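Student: I'm new to this structure. Could you show me how to read its features, one at a time?

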Amino acid sequence: MPYEKLEINTPVPVLSWANHALGHEETQMAKNVASLPFVFKHVALMPDVHLGKGALVGSVVATKDAILPAAVGVDIGCGMAAIQTPYHAEQLEGKLKKIRLDIEASIPVGFNENQDVEKSVTNWQRWNDFKDLHRGVQDLQGKAMKQMGSLGGGNHFLEVCLDTEDRVWLMLHSGSRNIGNKLAQCHINTAKELAKLAGDRLPDPDLAYFVSGTSEFAAYWRDLQWAQNYARVNRDVMMARFKRVVEKHVAGGKPFKPLLEVNCHHNYAEKEVHFGEDVYVTRKGAVRAQTEDYGIIPGSMGAKSFIVRGKGHAESYCSCSHGAGRLMSRNKAKNVYTLDDLIEQTKGVECRKDTGVLDEIPGAYKPIDQVMNNQSDLVEIVATLKQVVCVKG
C-alpha cells in the first residue's frame, strides 16, 4: 500500500503507512514533532503507529544538527533476535513444556537477574568504557553485568516458533535493561533542564533536544551508542543460552550452526545518509529496512510473526514496522479481557496462562496481517512464523 500524506499544516509533511485515521492525540503528537525546526524533509509513520511519550511509537524522525532523547525512548536499543535452526516440528513433540521450564530456569525474566556473571559477559570489551558514561550510572556497573543475558518485563519474550514448512526458529525480544533506562532518563532530564534555561517554547516538554557540537550532545551520543551495543550483546548472550536449551532437548546437546541469524534494534538512533544528506535517524518502534537488510516483525503471543527483507524505500527512510502495535493500553486490556479469553487466544501455545500476562493478550494488539499488508512496499516476507512456546518477561 502506498503511504498517505496527513492533512496537517506543519513545516515538514507527515507521511503515514498506517492506512487509518489517527486519533486526536496521535495527530497532535505527529504535528508536534513535524513542527520542530531541525526535522529533516518529513516524518514517516509506520503501520503499527500508536501513542508514545513525546513522539509516536512507530515513527521515524530524521534530524539535522539535533537529537531528541525522548524520541529514542528509555529502552535504548530494544529490538529482536532470531535464528533459524536445522530442526523440524516433529523433533519437538512431547518436549515443549520441558523446553519452556528450562528456558525460564536459564534466562532470568521480569526483575530477576543472573546470580553469576559468565565469561562471555565479563569479556565484553565495552565494559572498559563504563567509566566514561554519565555520572548518574557510575554505581550500576555490577547490576548491568548481572542483567546482561536477562529478558526484562513487559512485552519482552522468548519464543520457539515454526515456519510454514515446519522448520524450527528461536526468537526473542529485549533491550538494554536497567542501565539503558537510567542512561536515557539522565539525558532526558538534562535536555529538559537546558530547554527551560533557554526558554524554549516546545510543543511538548518531552521534545527537549540536544544540539550537535555541544558537550551535552556528545555525551548523549556516546552513552546512546554504548547502550545500543549493550542491548545487542544482551540478546546475543540470551540467544546462546536459549540455543543450548533447545539443543539439549532436541539433539542431546549437540550444537547446531544457525541457517540464518538476525539481530536488529527497533528503538535507537544512528547517523545515516538519506536523500544525499547526512542526518540523524531516530527509529522509535521501527526497524531499518535498507535493501537486503533482514528484520523481524513480531505479532502478539498468539499471532504470527515475520522475518522480512528490506526493500530500501526512500520515503520511509528505509524503515518498516517493529510489530503489530497495541490496540489498547495494558490497563484497558486487563479490564476488557478475562483469564478465559487469554486461555482461548493462546490455544496451542506452551506459555504461562495466568492473570500476570493478561495485559499481553493477543486481542490487545492490532491484527498483524493488516500491518503487513500496509507495508508491502517496505519489506518482502522471508518466513512466516507461529510460536509453539512463549516465555514472557
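Student: How do the residues lining the second largest pocket divide into nonpolar, polar and charged?
Tutor: The lining has 6 charged residues, 4 nonpolar and 3 polar. Ala, Val, Leu, Ile, Met, Phe, Trp, Tyr, Cys and Pro count as nonpolar, Asp, Glu, Lys and Arg as charged, and the others, Gly among them, as polar. A pocket is an open set of points on a 1 Å grid over the protein atoms alone where a 1.4 Å probe fits, with protein on both sides within 12 Å along at least five of seven lines; lining residues have an atom within 4 Å of a point.
Tutor: Keep in mind that this is a predicted model: local features need pLDDT of at least 70, side-chain atom pairs need 80 or more, and totals for chains, interfaces and linings use all residues. Residues are numbered from 1 along each chain as its sequence is written, and side-chain values use heavy atoms, without hydrogens or water.

Student: How much space lies in that pocket, and which residues are closest to its centre?
Tutor: The second largest pocket holds about 210 Å³, the space filled by probe spheres set on its grid points, which are joined across faces, edges and corners. Of its 13 lining residues, Arg232, Cys264, His265, Tyr268 and Arg288 are the closest to the centre.

Student: Which strand supplies the largest share of the lining?
Tutor: β11 does, with 4 residues. Strands are DSSP runs (E, at least two residues), numbered from the N terminus.

Student: What order do the strands of the open sheet follow?
Tutor: The 6 strands run β1-β2-β3-β4-β12-β11, with mixed pairing; two strands pair if DSSP finds at least two bridges between them. β1 (4-5) and β11 are the edge strands, each pairing on one side only. Inside the sheet, β4 (residues 57-63) and β12 run antiparallel, joined by 5 bridges; Ser59 has Lys284 in β12 as its bridge partner.

Student: How many aromatic pairs are there?
Tutor: There are 17. Rings of Phe, Tyr and Trp (its six-membered ring) pair if their centres lie within 6.5 Å; planes under 30 degrees apart are stacked, over 60 edge-to-face, and the rest tilted. Phe40 and Phe275 are tilted, because their planes stand at 50°, with centres 6.5 Å apart.

Student: Is Phe40 buried or exposed?
Tutor: Phe40 is buried, at 9% relative accessibility, whereas Phe275, at 35%, is partly exposed. Buried means under 20% relative accessible area, exposed over 50%, partly exposed in between (1.4 Å probe, protein chains only).
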